[in-house]
There are 6 protein chains.
Amino acid sequence: MNLRKLIEQALAEDIGPGDITSEATIRAESVSIAVIIAKQDLVLAGLDVSRAVFHCLDPDIQVSVFAKDGDKIIAGMEIAKLSGGTRALLAGERVALNLLQHLSGIATLTTNYVDKCRGFKAGVLDTRKTIPGMRQLEKYAIRVGGGKNHRFGLFDGVLIKDNHIKAAGGIARAVESVRKSAHHLLKIEVETKTLDEVREALAVKADVIMLDNMPIDVMRDAVKMIDGRALVEASGNVTLDTIRQIAETGVDFISSGSLTHSAPAVDISMKIK
Amino acid sequence: MNLRKLIEQALAEDIGPGDITSEATIRAESVSIAVIIAKQDLVLAGLDVSRAVFHCLDPDIQVSVFAKDGDKIIAGMEIAKLSGGTRALLAGERVALNLLQHLSGIATLTTNYVDKCRGFKAGVLDTRKTIPGMRQLEKYAIRVGGGKNHRFGLFDGVLIKDNHIKAAGGIARAVESVRKSAHHLLKIEVETKTLDEVREALAVKADVIMLDNMPIDVMRDAVKMIDGRALVEASGNVTLDTIRQIAETGVDFISSGSLTHSAPAVDISMKIK
Amino acid sequence: MNLRKLIEQALAEDIGPGDITSEATIRAESVSIAVIIAKQDLVLAGLDVSRAVFHCLDPDIQVSVFAKDGDKIIAGMEIAKLSGGTRALLAGERVALNLLQHLSGIATLTTNYVDKCRGFKAGVLDTRKTIPGMRQLEKYAIRVGGGKNHRFGLFDGVLIKDNHIKAAGGIARAVESVRKSAHHLLKIEVETKTLDEVREALAVKADVIMLDNMPIDVMRDAVKMIDGRALVEASGNVTLDTIRQIAETGVDFISSGSLTHSAPAVDISMKIK
Amino acid sequence: MNLRKLIEQALAEDIGPGDITSEATIRAESVSIAVIIAKQDLVLAGLDVSRAVFHCLDPDIQVSVFAKDGDKIIAGMEIAKLSGGTRALLAGERVALNLLQHLSGIATLTTNYVDKCRGFKAGVLDTRKTIPGMRQLEKYAIRVGGGKNHRFGLFDGVLIKDNHIKAAGGIARAVESVRKSAHHLLKIEVETKTLDEVREALAVKADVIMLDNMPIDVMRDAVKMIDGRALVEASGNVTLDTIRQIAETGVDFISSGSLTHSAPAVDISMKIK
Amino acid sequence: MNLRKLIEQALAEDIGPGDITSEATIRAESVSIAVIIAKQDLVLAGLDVSRAVFHCLDPDIQVSVFAKDGDKIIAGMEIAKLSGGTRALLAGERVALNLLQHLSGIATLTTNYVDKCRGFKAGVLDTRKTIPGMRQLEKYAIRVGGGKNHRFGLFDGVLIKDNHIKAAGGIARAVESVRKSAHHLLKIEVETKTLDEVREALAVKADVIMLDNMPIDVMRDAVKMIDGRALVEASGNVTLDTIRQIAETGVDFISSGSLTHSAPAVDISMKIK
Amino acid sequence: MNLRKLIEQALAEDIGPGDITSEATIRAESVSIAVIIAKQDLVLAGLDVSRAVFHCLDPDIQVSVFAKDGDKIIAGMEIAKLSGGTRALLAGERVALNLLQHLSGIATLTTNYVDKCRGFKAGVLDTRKTIPGMRQLEKYAIRVGGGKNHRFGLFDGVLIKDNHIKAAGGIARAVESVRKSAHHLLKIEVETKTLDEVREALAVKADVIMLDNMPIDVMRDAVKMIDGRALVEASGNVTLDTIRQIAETGVDFISSGSLTHSAPAVDISMKIK
């Protein structure tokens, strides 16, 4: 239902009171066949969403897909074929491609990060650094690319950060407050910046410990100190260049905002045949 | 009004039924001072929007700004100071920064493109390749970065593309149809791929001619052929590496989807003091 | 999509928590045949919208149409036949007729204006003087009646009026500001009240010049002065009595708010057989 | 609350992604004084609504009113003065005037009808023949003009029409069914076309009897026959020419759809000083 | 239409960004058969609504019903069988049952009240004491249980209470004001607390008289005094223990808020086979 | 923001196009003082919400509160005093009281359950058995009454029930699937009906084990078997009569749907002074 609303808003944003060029040049009865083609190598994400864009405009458009989300697509490959009203095809083209290019861009970048971690247990996590309104789809693209999702928002996971610790008067008090207040199906993650903080978090049995912006060697010491008593998430300065050495420290998860806020769109186009 | 709706949706997406960590660790009466800091050089865009995020949560939050949209900000500079309820500050932080980082990312990239064109008349244009729901803000960021906006959507500008030309039976017929149907305050732009098509478009007095994916030398010939009888927009394969030689051909505008769909977020953070 | 929302709001407005008379007197299973009949001569507009009203209440209602939008209908003619659930037919009757009578009223009046201009090039234009929420449908009815649309709103066309001219410091400056700021697919129309202002607008190459409330002979002089260098729109004091002599001056367009804000509804009724 | 939603929709319809002319020619800080002036004699309705339009755009606009809804305004009179941001004044102008002209048009026409009935007890009633989305405001304008409201919609009053009578198997059965089903605070009105039907409706103690499209002399006989045992509403063929003789028959109410669906807008304009 | 919105909101409330347990443990293609079973004796209400919940999630779910609203169901009886996607069945289960248990709870309690009045003319009425957002469905459940509806809200019935009487300056003035202002299809009910007030209400020909919180013997006197000249509604201190003696006084209606605000949910469950 | 939407919907539901009785009998300028009074002993919940109802109608209504949510209120006590426009006070009365009576009803019942558990560690939990649209407020009332919240919906906590276990092929596989798929901040709860199932859940290190509908002595054995290795939640057949002996078994939590779906409203009224 959320998806349908997002698509309707996107179409309203683009089409407004009408597609004046198509209405002038294309007869209402005209039908066409269109193909969606990858213009570069990519990991596909968002094909169902793109189809839903066209069906929102005209439920009678026929869509045949030649790939599915998660597939590695080679430049030049046809991803899908659409047939139906020419006006609807052209009216939906831009919104459908905008979604497909953005989500496939995220999936493609995620796969690159995941591939760098091969051989280590570290899972690649997203963050809450998403484009407003797009979180559900962007987090879906992360999974399609082989990554894992962090909590969805502020409401479905506890992450005690420095500001919470200061306000509560220390890690111990913060954890204790959350144990009383949050429901019993939630674990507690504590953000730490030093080994001392890691020690404190362990002392109060934090379920998950985030190592925030730690140098690699400190991170390695932290993992040793934790020694399986808590899950470990590394965060900060995660790039394609640094992620493998972070994974080597033995952390359970590596999270990066770039996966969602800086993934370049991949090139996909639609051609009317 | 649209802006307020977008902010409310973004906050609902992130906060859902409640910020469980802050509610457990921070008293409702707690107040704090926070600063928003640039972590890299950037062109600022979205400061008013970010402020509106906090005011949507709590109209009593005080915001002092040390910069304004369009300013070039140096890494380390404080952009704004906020004071008010700690819970509201933390609840708004992520959404406010997500918007500020994305919009400033677009403005920063746009400025880079614009700088490359210095000395030539070519204006840098955006496209309809935007993130669903974000077009109004993204097009604002383009202007902040020194770029110009293309039409907003399908409804406020005529752009006759290859599919329209095919459907109408040639450039002449397509232009003629639009002249009859579109309102009298709209110009007509025609997409061309060859010098022959440019000639056809000139023959029917297209107001604007788009040179789509033409090699640089063909583009140069096209500009000569047009000779001021229409505005000229170059499109396709526009990158930081290619844009200057495109500008040198003498086109009036250069449009690029990358400005909106692939601008990496810039790094901005918020610290509670 | 907008249309569906408008229909849902109209039905909610009329039916609210329920049609108490029909629920008491008509069994849920009852089916009927109804005909929609013109009670006066008219130009039909809004038949698809009216059908959509009934389908919004019950997608199984069968609708046969005996005319289409734009047809001249003679008093007494049957326009459409509906068969389906009696309750749904009666619940939709008023909203469907309200739309059909209003839109056909506009189309009918527009045709009268257009007929008066026969033999001259002047197109009959609508304005932004529409009923809130109804603009898209009302502008559609204008086209059905043989008129042409002016810009849809403030966002898809430039019209520099006296207040803009004063604020900018003259016609020249106002036009120059718009040229810098508005996108390159928009023409510029300037409102003028005197021949001096027409001269100024010509000097800065306004694309369209509006002659606002000018006496007929001044209008004639203005058309001569412009001499094809800009499109000319006449506005003000346009009635069925005056429109022909305005057309005779040689203007390209004549715009009138009455077409939308004062068109009387035509008489159309629905009978259950 | 409904009103606010209607205003927001009307502004969104007109302004869309932005007022491109004002943004180009008027500085954001510019302030102005504007007056709203009657260009013809009229009965004012909708002044609060119009003010709310401007306040929806900018709560800081100052509004002084020189009249109130229901006042008879003479051509040339100033109705209100506004001072505030020039851009907001111009952006709100059209929507505010569209509402004010339409509602005052209805109030003015209603007053004309009411004046014709002076000396008789007949109240002038509106109908459900309103513009979709505008019913609450249009019914308000009816009251302002001295008329009375009929039921708001299908949900707050019982009106048994011919189709209900047929479906129920006669007037007696229809009235009986409604007595069982509708809540105990609702009266029952029955539509009649002949004196026989009036007799039937009286027999089952209908609270209100509508005389639908009856010739004047039949109407007079019906009123005599009813003799105060039910309220009497005349309906059909009600015009400024016929209404007085209808009132003379002694009916309690005269209802007319023209009041809402065919009232011409009155001429009101806004001038920036 | 309202119903669909209510169901969508309820599903969004429960499912949010996703059913994490089912997504992890149940394959997307899995299909199942489920039965809805009564765990106690009850009067069924809300079966169509519950079905609509599942169809909102997946229109392909097949639903066979073994009972209909209004049926008395014995503990252990199967009410309906569903077959379709397992994920959709589990995602809809809670919302569907929450509605069915609440509405059947109201219908069951209403039937108990109605049964107590058997042999007397008194109808059992609901009130406006409903759960926000649920009024239309709750009032439907009242009817299913054999009760009758009072006015829906403040807009479709006149009930003059003590505060209105005080503000207007007495019962006579209040009734007179309403006669002038409310539309002619509405009756007038007056709330009374003493026999004197009953007398006053009779004097001005109130259509309905509410006896509010009167002792049984005063109520009996009031009914005698009214003697059929107005409908009589008893209100206040209505319980399963007191309702029969209230009915014995001869009142026409007995209204009770408990029917909607305090009806315990009945026990209904869904089992996957 | 959600709260405001809920209040607006509730007011629209009750007031619709207008409060006809108050508009007829009370002048627009009339102001009054009103008090909200408890008619029975209760635990207060929802005072802020009720205040927001009045402020939604008129932000100028002054509200003084004599108690706060969570307070035990004695019958007859004044809870709050309001002063402001009489019409707004009466228009808001029913919605404000409906919310206050329902939420205080839940808080009062919850306190009764919590009191029964005094001396034992068992926390009293709510469920997802809430009225559609009211979950956030109902769960708030639970906390106010001294209870604790279970997960909010299907999206913020994992609860593996019998259907998930069957679909996954056993408890071990279901837990394993969830471990792979759900984010790392979520614990896993498993529903068990027998001691064998408890043993299986322990074997795969379920974080929380629900004992569903177990006899008291089996429950006691289960708690012994679990012996602190998982949190224990008792569910099923929880009433005021049974809850204490359930608490005596040593479980950590006892959950009951009755707290929300069957709490009778408490009696609170508003009087205009």
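## A tour from chain to chain

Across the interface of chain D and chain B, one residue pair is found in polar contact, with both residues at pLDDT 80 or more. Most of the chain D side here comes from helix 1, if we go by the largest share: three residues of helix 1 (residues 2-15) of chain D touch chain B. Keep in mind that this is a predicted model.

**Stop 1: chains D and B.** Select these two chains and look at where they meet. Six residues from chain D and four residues from chain B take part in the contact. Together the two chains bury about 380 Å², and 74% of that area lies on carbon and sulfur atoms. How many salt bridges are there between chain D and chain B? The count is zero.

**Stop 2: pairs that do not touch.** Now show chain A with chain D. These chains make no contact, and their nearest C-alpha atoms are 8 Å apart.

**Stop 3: B:His184.** Select B:His184, which you will find in the loop between helix 7 (171-181) and strand 8 (188-192) of chain B. Is B:His184 buried or exposed? B:His184 is buried, because its relative accessible area is 6% and buried means under 20%. Now show its neighbours in chain C: B:His184 touches several residues there, including C:Leu125, C:His150, C:Lys187 and C:Phe253. The side chain of B:His184 makes one with the side chain of C:Glu189, at 3.5 Å. Another, of 3.3 Å, joins the side chains of B:His184 and C:Glu233.

**Stop 4: helix 7 of chain F.** Finally, select residues 171-181 of chain F, which form helix 7. Its buried residues are F:Ile171, F:Ala174, F:Val175 and F:Val178. They cover an arc of only 95 degrees around the axis, so they lie on the same side of helix 7 of chain F. On the face turned away from this buried side, look for the exposed residues F:Arg173 and F:Lys180. What do the buried residues of helix 7 of chain F pack against? Their partners are helix 2 (20-25) of chain E together with strand 7 (158-160), helix 6 (162-168), strand 8 (188-192) and helix 8 (195-203) of chain F.

Conventions: Residues are numbered from 1 along each chain as its sequence is written. Chains are lettered from A and ligands numbered from 1 in the order in which they are written. This is a predicted model: local features need pLDDT of at least 70, side-chain atom pairs count only at pLDDT 80 or more; totals for chains, interfaces and linings use all residues. Side-chain values use heavy atoms; hydrogens and water are left out. Buried means under 20% relative accessible area, exposed over 50%, partly exposed in between (1.4 Å probe, protein chains only). Helices (H or I, at least four residues) and strands (E, at least two) are DSSP runs, numbered from the N terminus. The arc is that of the directions from the helix axis to the C-beta atoms. Contact means heavy atoms within 4.5 Å. A polar contact is a pair of N or O atoms within 3.5 Å; within protein, one must be able to donate a hydrogen and the other to accept it, and residues adjacent in sequence count only if both atoms are side-chain atoms. Buried area is the accessible area (1.4 Å probe) that two parts lose on being put together, summed over both. A salt bridge is a side-chain nitrogen of Lys or Arg within 4 Å of a carboxyl oxygen of Asp or Glu. Lists of a residue's contacts leave out its neighbours within four places in sequence.
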